[in-house]
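The following account is meant to be read alongside the sequence and the coordinates. Please keep both in view while following the text.

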Amino acid sequence: MSALGQALAIAKKDLRIEVRGRHVAGTILPFAGTLLIAFGLSLGPGRSLLRQTAPGLLWLAVLFASVLAFRQAYQAEGEDGAFESLILAPIDKASVFLGKAAAVVVELLALEAVVVGLVVVLFDLPVGHAPVVLAGAFVLGTIGLAVVGSLFGALAEMPRTREAIFPLLVLPLCTPVLVAGVKATELATTGPAGQAGSWLGLLLAFDVVVTGVGSPLFVYLVED
Amino acid sequence: MSTAERLMSSLTARRGERVLAWLAVGAVGVSAVLSLVASPPDAEQGGLIRLMYVHVPAAWVAYLAFAVVFVASVAYLRTRKTRWDRVAAASAEVGVLFTALTIVLGSIWAKPVWGTWWTWDPRLTTTAILLVIYVGYLAVRRLPDNPARRARWAAVVGIVGFVDVPIVHLSVRWWRSLHQAPARLIGVPDVSGSMGVALGVGFIAFTLVYLYFMALRLRVGRLEERVVAEALSPRIGQPAEALMEEPARG
């Protein structure tokens, strides 16, 4: 089995767990919805303010949801020593890393589709202008989030680590995703979408860098 | 022993530490005289410019310290020698201290000059994020787990954090430039003549302080390790020295 095949097998396994357990759909998605409603309430009912802040709130909801999604992706492995077996399996550790990231990318993209729909309804955000740019921003941003999450999710799920360590590491490291994602979304919805190219480029660069740095480093996190 | 390791161990010997301490105190004294008395007030900012002689060197030390964390983290993962882990730990602590100092000094400077404690300037924002990233690094270091594993995790965070900083900076810079033009910032002061000398001495003084803190923290790190080794040695049935020299493997 090639490294790619191994990664795909792990991604498929994680997605099967999600399809059968419905953790993201049943818990994290409602949580993201709750967040959006809370944001709306905290900012008041002014239409123009809500519309202006919608891209930022949208990405914040995605960021928090992704933190929870990774907790879940590794928590499932924590039961019955499944993670040890996964690490002991004669496969490339980088495949484990990328496979778990890929599964979460799929889960998060599904979640984001619903969350964007909610934002359209709740905050009146026009998403029809440049759907390709918008989709690009979400795909590239989600890959970046997923890779960072996959790397440090392994760390957070080790015995006796503290819960808050994971968001404390992931949120600041993902600043570029937040900034570029929000800006690209803003341009794709209310601004000139043609200017979003450099932001998409930044997201792509982030994805490439964290994947390139994370893949060889993952093995050190799970060595024992 | 490589040259870097030999240099490190001579710095952390008691004698080297004392010499460093006196050098640092002397340099800070000279720097204080130069920046407070000998250098002229700035044409625009007057005496406030004197904050530059501590703010900019503090920022330099912060970045230097995190670069050292990065190098030591890579070296640790390659060699698995605990001394590299100690270097990374020491440098991260000193780095967080100086990053916080940079932000505080910058705020004190910004209030009278820009009229605000904080502005979302790219450099400020990057520094704030840098602080949070390395506070996270220190949190990983405090996890109660076996030392070898903790060292590996910390090294990974130290590497990823450092690689991430340029992208963070770039993203924040673009983000800022697309907003409305920033409130008129007083440009970089013209640093030349005695001001340049004062700033240069400030750099040297702060770097010496950094080295002194490193030496102290490295010695504490070694002592901590010795305490653990001495507690373990009767149970394992080996002398403490043998436990300490063993390169920690996971």
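The model is a predicted one, in which local features need pLDDT of at least 70 and side-chain atom pairs count only at pLDDT 80 or more, while totals for chains, interfaces and linings use all residues. Residues are numbered from 1 along each chain as its sequence is written, and chains are lettered from A and ligands numbered from 1 in the order in which they are written.

Chain B contains eight helices and zero strands, where helices (H or I, at least four residues) and strands (E, at least two) are DSSP runs numbered from the N terminus. Read from the N terminus, its elements follow the order α-α-α-α-α-α-α-α. Of its 250 residues, 37% are classed as buried; a residue is buried if 20 or more other C-beta atoms, placed from the backbone, lie within 10 Å of its own, exposed if 12 or fewer, and partly exposed in between. Among contacts in chain B between residues at least 6 apart in sequence, 77% link residues at least 24 apart, a contact being two residues whose C-beta atoms, placed from the backbone, lie within 7 Å.

Helix H7 of chain B covers residues 194-236, and its 43 residues should span 63 Å at 1.5 Å a residue; the end C-alpha atoms are 61 Å apart, which agrees. The expected span is 1.5 Å times one less than the number of residues. Just after H7(B), B:Gly237 adopts a positive phi of about 80 degrees.

How do the two chains meet? Contact involves 27 residues of chain A and 30 residues of chain B. On the chain A side, helices H6 (131-156), H7 (165-173), H8 (175-189) and H9 (197-221) each supply at least two residues. H9(A) gives the most, with ten residues. By class, this side of chain A has 18 nonpolar, four polar and five charged residues; Ala, Val, Leu, Ile, Met, Phe, Trp, Tyr, Cys and Pro count as nonpolar, Asp, Glu, Lys and Arg as charged, and the others, Gly among them, as polar.

Within chain A, helix H1 (residues 3-21) packs against helix H5 (residues 93-123) at an angle of about 45 degrees, with the axes 7 Å apart. Axes are lines fitted to C-alpha atoms, for helices over the stretch in contact, and angles run from 0 to 180 degrees between N-to-C directions. H1(A) and H5(A) are therefore oblique to each other, since angles under 35 degrees count as roughly parallel, over 145 as roughly antiparallel, 65 to 115 as roughly perpendicular and the rest as oblique. The residues that meet include A:Ala3, A:Leu8 and A:Glu18 in H1(A), and A:Ala94, A:Lys100 and A:Val106 in H5(A). By class, this contact has 13 nonpolar, three polar and four charged residues.

A:Leu49 lies in helix H3 (residues 47-78) of chain A. A:Leu49 counts as exposed because it has 12 C-beta neighbours inside 10 Å. Leaving aside residues up to four places away in sequence, A:Leu49 touches A:Leu43 and A:Gly44.

Most residues other than glycine have a negative phi. A:Asp124, in the loop between H5 and H6 of chain A, has a positive phi of about 60 degrees although it is not a glycine. A:Asp124 counts as exposed, with 12 C-beta neighbours inside 10 Å. In chain B, B:Arg80 sits in the loop between helix H3 (52-79) and helix H4 (82-114). Its phi, near 60 degrees, is likewise positive in a residue other than glycine, and B:Arg80 is partly exposed, with 17 other C-beta atoms within 10 Å.
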